[in-house]
Amino acid sequence: MTVLKSFFLQLTLLGGLALMSGLCFGQTSLSALDGRSAEGGSRNILHPAVPLLSIAPDSRSSAMGDAGVASEPDVFSQHWNSAKYALIPKQWGVAISYIPWLRKLTNEINLAYLAGYYRIDKMQTLSASLRYFSMGQMKFTDEMGNPLTTHNPNEFAIDLAYARLFIENFGGAVAFRIIRSDLTGGFSQQNSSGSTSAGMSYAADIALYYQNKLKLFAFPSEYALGLTITNIGSKLSYNDVYKNFIPITLRLGGRFSADIDQYNRVSALLDASKLLIPTPPLYDASHNIIKGYNPDVAVVSGMLQSFYDAPGGAKEEFEEIYWGGGLEYSYAKQFSLRAGYFFEHESKGGRQYFTLGAGVTYNIFGLDASYIIPSAGFNSPLANTMRFSLSVNFDQPKGNKKRSRRA
């Protein structure tokens, strides 16, 4: 009975992916946020601070439609679901990823990501990561266009996580994060309302992950489920006046993997995500709220309010869910091919794109690459660019394993 339930659950997940992918082909009008016209439609986009926290930092998950909450545990689990480290088979590992940004305009904008983990024992794992976003050089001028100063805006986040195996195949984790966003370098115009400074925020993640084996039509298989709430933290401000929510995100995902034979393995993934921040209400000419709720609330209140505050009701709340899903084929745990699709409703930004990727593993080293192909008729900042990830994973020395068995 458990096998049947798991099988139908995966069919439901894959069916949802197919449905969302099919719907996306009819989305042609694009969001004003991306410099596009909103023909015949209303848009109510959520604008969290520090959006780099939502960017997929690794090539493997980004090649599968930005789905990674329930993917197989790897060194990049820190971003997607740190609870996966509790079930990672290796002793320790490190990885680095590099993402070029807006390459058609400049070579100065990029995102770098460094992650690593260490297994303390069979029950506990520590992990950490650093992400750094460089935005190139910004030139400040006066009202006449005369140059005043220059600044290299940047953002970074440092986090540390602790993962623990609760019972066999089921683990959980908590992570703590420091976020800093420096967009102006403290510069402000003489006639401005106030000075600016780097924005700081502190956040935490809660994560759960479960995986188990089953046998489906004589094929050894595995299914997994993941749940995370990330970036639960303080608002961020650049002038101590206007405070913005950071991208607090709820993610739920599933995976199904089947071993066709001893060499060939196929996996299917699907993630559903939602920002847990207030939806902007509708205002009248006097800036009075006529529909929706006041977005200027505390963090916890904003998280709860995010489930029912959309001016468009339940329909708009559902539109705030964005979907990512993909497939992965691997041969002999050495070569992998990946493809996926990411869908965000037009009224919430309209990001829609196909993803492709490949990976190769040799001994302890892994190299992955991914590529984004926009499908909604506009050029994403990451469109037609490659992102690369390099990882190194080590097993526990055999001598240590022997000593642990004697103990």
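Modeller: Gladly! Let's begin with Asn169, which sits in the loop between β6 (154–167) and β7 (170–182). Do keep in mind that this is a predicted model.

Colleague: Why is Asn169 called partly exposed?

Modeller: Its relative accessible area is 22%. Buried means under 20% and exposed means over 50%, so a value of 22% makes Asn169 partly exposed.

Colleague: And what stands out about the backbone of Asn169?

Modeller: Asn169 has a positive phi of about 75°, although it is not a glycine. His287 also has a positive phi, of about 65°, and is not a glycine either.

Colleague: Where is His287, and is it buried or exposed?

Modeller: His287 belongs to the loop between β14 (282–283) and β15. With a relative accessible area of 55%, His287 is over the 50% cut-off, so the label is exposed.

Colleague: What does Ile289 touch?

Modeller: Leaving aside neighbours within four places in sequence, Ile289 is in contact with Pro281, Leu282, Tyr283 and Asn294. Contact here means heavy atoms within 4.5 Å.

Colleague: Now Ser134. What makes it buried?

Modeller: Ser134 has 17% relative accessibility, and that is under 20%, so Ser134 counts as buried. Ser134 lies in strand β3, residues 124–135. Not counting residues up to four places away in sequence, Ser134 touches Glu108, Ile109, Asn110 and Pro153.

Colleague: Which residues is Leu250 in contact with?

Modeller: With neighbours within four places in sequence set aside, the contacts of Leu250 are Leu227, Thr228, Ile229, Ala272, Ser273, Lys274, Leu276 and Phe307. As for Asp205, it is 45 residues from Leu250 along the chain, and their C-alpha atoms are separated by 10.0 Å.

Colleague: Let's turn to the strands. How do you know that β1 and β20 pair?

Modeller: Two strands pair if there are at least two bridges between them. Strand β1 (residues 92–100) and strand β20 (residues 386–394) have 7 bridges, so they count as paired, and the sense is antiparallel. As one example, Val94 has Val392 in β20 as its bridge partner.

Colleague: What makes β19 a partner of β20?

Modeller: Here, too, the cut-off is at least two bridges, and 7 bridges join strand β19 (residues 365–374) to β20, so these strands pair. They run antiparallel. One of the bridges links Asp368 with Ser389 in β20.

Colleague: How many cavities are there in the whole structure?

Modeller: The search finds 2 cavities of 30 Å³ or more.

Colleague: What makes something a cavity?

Modeller: A 1.4 Å probe fits there but cannot get out.

Colleague: Which residues line the largest cavity?

Modeller: There are 13 lining residues, and Leu53, His79, Arg131, Arg177 and Asn231 lie nearest its centre. Elements giving two or more residues to that lining are α3 (77–80), β9 (219–233) and β12 (249–259). By class, the lining of the largest cavity has 2 nonpolar, 6 polar and 5 charged residues.

Colleague: And what lines the second largest cavity?

Modeller: Its lining includes Gln78, His79, Trp80, Asp205 and Thr228. The elements that give two or more residues are α3, β8 (199–216) and β9, and α3 provides the largest share, 3 residues. The classes are 2 nonpolar, 6 polar and 1 charged.

Colleague: Finally, how does the chain look overall?

Modeller: The protein chain has 6 helices and 20 strands. Of its 407 residues, 48% count as buried. The accessible surface comes to about 20,300 Å², with 62% belonging to carbon and sulfur atoms.

How values were computed. Residues are numbered from 1 along each chain as its sequence is written. This is a predicted model: local features need pLDDT of at least 70, side-chain atom pairs count only at pLDDT 80 or more; totals for chains, interfaces and linings use all residues. Side-chain values use heavy atoms; hydrogens and water are left out. On a 1 Å grid over the protein atoms alone, a cavity is a set of points where a 1.4 Å probe fits but cannot get out, and a pocket is an open set with protein on both sides within 12 Å along at least five of seven lines; lining residues have an atom within 4 Å of a point. Grid points are joined across faces, edges and corners, and a volume is the space filled by probe spheres set on the points. Helices (H or I, at least four residues) and strands (E, at least two) are DSSP runs, numbered from the N terminus. Ala, Val, Leu, Ile, Met, Phe, Trp, Tyr, Cys and Pro count as nonpolar, Asp, Glu, Lys and Arg as charged, and the others, Gly among them, as polar. Buried means under 20% relative accessible area, exposed over 50%, partly exposed in between (1.4 Å probe, protein chains only). Accessible areas come from the Shrake-Rupley method with a 1.4 Å probe; for residues, only the protein chains shown count as cover.
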